[in-house]
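Welcome! Here is a short tour of a protein model, starting with its charged pairs and ending with its nonpolar cores.

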Amino acid sequence: MRTHRTFAALGAVAFLSLTGCQTVAPTGTTPATPRPTTPKTRTATVPNLVGKGLQSAQDESQAAGFPALTSHDALGRGRVQAVDRHWKVCTQAPAAGQTVPAETTLDFGAVKLEETCPTKDQGPEPQAAGVMPDFTGKSVKAVRGSLPSNTSMTVKDATQGRMVLQDSNWKVCAQTPKPGTALTGQPLAFTAVKFEEPCP
């Protein structure tokens with residue numbers, strides 16, 4: 001019997017000591033929860049890369065802390081910058097001098113070394129949103145990239161009957177249907193000439 005009372009007394013003391021260690025929130029309030037710490041976003045300052053060779057611009061961007069890079073044909077012809085050393089930077093986004101998160105993708109508008117930068121970056125052609133855009137003067141490659149992939153279209157030489165083989169070297173002179181027509185899956189037709197040639 002004495003042993004039983006001793007265990008009961010020890011149990012009560014242990015219970016009180018455990019509950020006495022807990023912090024009880026006052027009635028009507030909620031206990032404070034610790035705020036999670038968010039990692040600080042690393043930032044970097046965008047260097048001025050306009051006028052540099054595309055490869056040099058990419059190397060300098062990565063050295064400045066920007067691993068994500070992309071480029072496009074500033075003339076809007078949809079050409080791929082397959083050999084970066086053959087291209088130069090005309091425009092950049094974000095602009096030089098801005099401090100932005102280091103994971104920001106830097107985009108370069110570029111032209112071939114022997115070409116002149118346009119006064120305005122023509123950029124990639126936007127996707128046609130159910131209505132036929134005005135493609136006059138645009139490259140056939142840009143036209144194909146703007147239209148849905150299931151579009152049926154023909155492209156013919158407007159002057160000499162040549163085959164249109166490298167789409168980025170040809171510009172649109174005329175189109176059917178006309179701009180503003182709803183695109184409902186109908187076949188489209190274009191005539192084109194090489195970029196250095198005038199349309200008839």
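Asp 167 has 16% relative accessibility, so it counts as buried (buried means under 20% relative accessible area, exposed over 50%, partly exposed in between, with a 1.4 Å probe and protein chains only). This is a predicted model, where local features need pLDDT of at least 70, side-chain atom pairs count only at pLDDT 80 or more, and totals for chains, interfaces and linings use all residues. Residues are numbered from 1 along each chain as its sequence is written, and side-chain values use heavy atoms, leaving out hydrogens and water.

**Salt bridges**
- The whole structure holds eight salt bridges (a side-chain nitrogen of Lys or Arg within 4 Å of a carboxyl oxygen of Asp or Glu).
- Asp 167 pairs with Arg 144, with the closest N and O atoms 2.6 Å apart.
- Asp 167 sits in the loop between strand 6 and strand 7 and Arg 144 in helix 3, so this pair ties together parts 23 residues apart in sequence (helices, H or I with at least four residues, and strands, E with at least two, are DSSP runs numbered from the N terminus).

**Nonpolar cores**
- Among the 14 residues of the largest nonpolar core, those touching the most other members include Phe 135, Val 155 and Phe 190 (a core is a set of buried Ala, Val, Leu, Ile, Met, Phe, Trp, Tyr and Cys residues joined through side-chain atoms within 4.5 Å).
- Strand 8 gives this core its largest share, three residues.
- Another core, of twelve residues, lies apart from it and includes Ala 44 and Phe 108.
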